[in-house]
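Please keep the model open beside the text and follow the points in order.

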Amino acid sequence: DVSDRGSQPMVREAGRTRIVFNGEIYNFRELRAALEQKGHTFRSGTDTEVILALYQEYGRGLLSMLNGMFAFAIYDPERDEIFAARDRTGIKPLYYARLTDGGIAVSSELKALLCLAGVDRRLDHDAIRDYLTYQFISDPRTPFLGVRRLPPGHSMRLHGADLDLRCWFEGRPPDDG
C-alpha cells in the first residue's frame, strides 16, 4: 500500500503501538485473514500493519509465523518496551545503538545511527582488523564500538534499561523420518 495509509512509522489503534519495518512478508495475506477472523480490522493493505497486529495478538510468538525477509522495531507504550527482530537468514540488516541517555536507536543502515547525538563513534579496532584480514565483520560487531548489528534470527527487547537479546530461530535440518 503506497498510499498515506501505509506511511511509517505506522501507528495502530489510537496511537498505542508503532512500527518501522523494512522488508517483505510473503504470507501476510494469509496471516491477515486469520487475524480478521479473530476480530482485527485493518486500515491499509500493508504487511507492516499485519506485523503490528500479530505483535498485539501473539507478542514475541509472531516471529515464527513470518515467512519473508524483514527487520522491524515496534514501540509499545503499554508494555513500556521496544521490540525488534531480524529475519531468519539476515537478508535485511538491523543496527542498534545504546544512547548516552539510556535509550536505544535502530536503523537498517549504520550511517543513520552515526548521525545521532549520544552514539559512541569510537572505532572497534578488532572489527576493523577482521575486515582487513577476512573482508568480513561478524555479527554483532560493526566498525564502531557503540553500534551493533542484530544477528540473523534474533530479536531484542528493551524494557527500561534492560536489553534482552534472544535467538528466535535456529536452522534445523529437514526431518527425513
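Predicted model: local features only at pLDDT ≥ 70, side-chain atom pairs only at ≥ 80, totals over all residues.

1. The largest nonpolar core has 23 residues, and Ile51, Leu62, Leu63, Leu66, Phe70 and Phe72 touch the most other members. A nonpolar core is a set of buried Ala, Val, Leu, Ile, Met, Phe, Trp, Tyr and Cys residues joined through side-chain atoms within 4.5 Å. Buried means under 20% relative accessible area, exposed over 50%, and partly exposed in between, with a 1.4 Å probe and protein chains only. At least two residues of this core come from each of β2, α1 (28–37), α2, β3 and β4. The largest share, 6 residues, is supplied by α2. Helices (H or I, at least four residues) and strands (E, at least two) are DSSP runs, numbered from the N terminus.

2. Residues are numbered from 1 along each chain as its sequence is written, and side-chain values use heavy atoms, with hydrogens and water left out.

3. Which residues does phenylalanine 72 contact, leaving aside its neighbours within four places in sequence? They are Ile19, Val20, Phe21, Ile51, Leu62, Leu63, Leu66, Phe83, Ala84, Ala85 and Leu94. Contact means heavy atoms within 4.5 Å.

4. The aromatic pairs number 5. Rings of Phe, Tyr and Trp (its six-membered ring) pair if their centres lie within 6.5 Å; planes under 30 degrees apart count as stacked, over 60 as edge-to-face and the rest as tilted. Phenylalanine 72 and phenylalanine 83 form a tilted pair, with 6.2 Å from centre to centre and 55° between the planes. This pair links distant parts of the chain, 11 residues apart, since phenylalanine 72 lies in strand β3 and phenylalanine 83 in strand β4. Both phenylalanine 72 and phenylalanine 83 are buried.

5. Ring pairs also join Tyr55, Phe70, Phe72, Phe83, Trp168 and Phe169 into a cluster. Over the ring of phenylalanine 169 sits the charged end of arginine 88, 5.3 Å from the ring centre. A charge sits over a ring if NZ of Lys or CZ of Arg is within 6 Å of the ring centre and within 35 degrees of the ring normal.

6. Two strands pair if DSSP finds at least two bridges between them. Strand β8 (residues 154–159) is joined to β9 by 6 bridges, and histidine 159 has aspartate 162 in β9 as its bridge partner.

7. Tyrosine 96 has arginine 148 as its bridge partner in β7 and valine 106 in β6. In the hairpin of β5 and β6, with 5 residues between the strands, glycine 102 takes a positive phi near 95°.
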